[in-house]
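Trainee: Please take one part of this model and go through it closely. I would like to hear about a helix pair and its packing.

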Amino acid sequence: MRKADRDLVALTALALLLTGPRHTYEMLLLIEKTHKTFVAGLPRSLYHAVNRLVAAGDIRTVGATRDAGRPERTVYALADRGRARLDEWVARLLREPDPDSTLFTAALTFAGCLPPVTVAGLLRERRGDLDRRAKAARSALAGLPDLPRILLLETEYEASRLAAERAWVSRIIADLDAGRLTWPGTPDAIAGVDHLLEEPP
């Protein structure tokens, strides 16, 4: 996995802008209120990520807003380049297993950016990779029978972790194939969060 793929703050900003133009503080509130705990270093990391995305041409400035008693805030929108990057990014994180499980957590959070049939295909690829990795871990255990078990616990854990993830991924694929898990076309699948920004009466 590339270093850029681990920038979950930028990924989250792109996904939130898929639902429409927003200013950075609005994105910050949505991240906090939806408990996206994989987004670290807030709020500074989000402002830096937005600046990087603007510089890369993934998002663009579309105006400014000023609420009563508040400073003026720049409003950003997702550019075509950013939308393509978002789709490719989420797809990679869904497809490729990584020891850092927060990458998969983020990918699942934003899986609604992609059509269900695409997600099912990506998860099949992930399952195949999980099968290969679990087999390698089991082979490693079988190849070291004379060592005390305490020295093999990390390999034993890895084999069990991979098997458990594979089983869960298989259930999600089955639900997608059977139509038990579905969502409307993008970006509706990740929309519907704006009510969280409303002030309580």
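Mentor: Here is a close look at one helix contact.

The model is predicted; local features need pLDDT of at least 70, side-chain atom pairs count only at pLDDT 80 or more, and totals for chains, interfaces and linings use all residues. Residues are numbered from 1 along each chain as its sequence is written, and side-chain values use heavy atoms, with hydrogens and water left out.

Take helix α1 (residues 8–17) and helix α4 (residues 80–95). Helices here are DSSP runs of H or I, at least four residues, numbered from the N terminus. The two axes come within 10 Å and cross at roughly 125 degrees. Axes are lines fitted to C-alpha atoms over the stretch in contact, with angles from 0 to 180 degrees between N-to-C directions. That angle makes α1 oblique to α4. Oblique is what remains once angles under 35 degrees (roughly parallel), over 145 (roughly antiparallel) and 65 to 115 (roughly perpendicular) are set aside.

The crossing of α1 past α4 is left-handed: by this convention, the near helix is turned anticlockwise from the far one by less than a right angle. On α1, the contact (heavy atoms within 4.5 Å) uses Leu8, Ala10, Leu11, Leu14 and Ala15. On α4, Gly82, Arg85, Leu86, Trp89, Val90 and Leu93 take part.

By class, the contact has 9 nonpolar residues, 1 polar and 1 charged. Ala, Val, Leu, Ile, Met, Phe, Trp, Tyr, Cys and Pro count as nonpolar; Asp, Glu, Lys and Arg count as charged; the others, Gly among them, are polar.

Conventions
Helices (H or I, at least four residues) and strands (E, at least two) are DSSP runs, numbered from the N terminus.
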